[in-house]
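Hi everyone, thanks for coming. Today I'd like to walk you through some aromatic rings and the charges around them. Here is the model.

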Amino acid sequence: MLEHIYCSHLHRHIDTNNILGGANHGFRAKHSTETQLLVTSHDLLKHIDQGKPVDVLILDFSKAFDTVPHRRLLGKLEQYGVHDNLLRWCELFLVGRFQSVLVDGVKSAEESVLSGVPQGTVLGPLMFLLYINDLPFRVNIDTRCRLFADDCLLYRIIDGLEDKVQLQSDLRELEQWAADWGVQFNPSKCHVLSADNRSHHHQYFYELCGVVLKSVN
């Protein structure tokens, strides 16, 4: 119950100060997989109808909810205006947790939880949204970033080679963002999709974390 009360007040603070950007459609009122799908499909179909090819990068974080560093998350919450006892309450919510595993009635020893937002909680998803809220601002203004929780789409109209080079530069920016904030991409689960109504297009090999991303149809 206390989590619900705290979460409702935090939501009010976020909405009043317009803190959350519009890129993330996960864990938010009036947002869903359908709203993200509609916005993204509209963009892609509009550009294809105009004869403009689009390269789409489908990105996946590695265990994102479990790897969020607590101190960096608290620092971001403070930047967003969560101070004093409210910030201290968040710290107590995150820090000092333990977990164990129970298999066939046998319980393992407890281990400290050193990172991550608590899954299955009311407040955990909102904390994660706030943590990755600044990610879309790291890419070029003409590159679109769509998020659903920890799933990320990056796409851009490709008028020439310079647009592919810019999209690769945006990938490097996101890679640097992940390094700065203690999370990792899983390049083996990241892919490239070319939305193009032309029969032939020039292939470009996008790279993330030293791995060339696979193309999918």
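Let's start with K76, which lies over the face of W181, 3.9 Å from the ring centre. By that I mean that NZ of Lys or CZ of Arg is within 6 Å of the ring centre and within 35 degrees of the ring normal. R97 also has its charged end over a ring, that of F93, at 4.8 Å from the centre. F93 in turn forms one aromatic cluster with Y6 and W89.

A word on the source: this is a predicted model, where local features need pLDDT of at least 70 and side-chain atom pairs count only at pLDDT 80 or more, while totals for chains, interfaces and linings use all residues. Residues are numbered from 1 along each chain as its sequence is written, and side-chain values use heavy atoms, leaving out hydrogens and water.

Now the pairs: the structure holds eight aromatic pairs. Rings of Phe, Tyr and Trp (its six-membered ring) pair if their centres lie within 6.5 Å; planes under 30 degrees apart are stacked, over 60 edge-to-face, and the rest tilted.

Why is the pair of F61 and F185 stacked? Their planes are at 20 degrees, with the centres 4.4 Å apart, so the pair counts as stacked. F61 is buried at 4% relative accessibility, and F185 is buried at 6%; buried means under 20% relative accessible area, with a 1.4 Å probe and protein chains only.

F65 and F128 are stacked too, 4.2 Å centre to centre with 25 degrees between the planes. F65 is buried at 16%, and F128 is buried at 1%.

Note on methods: Buried < 20%, exposed > 50% of the residue type's maximum accessible area, 1.4 Å probe, protein only.
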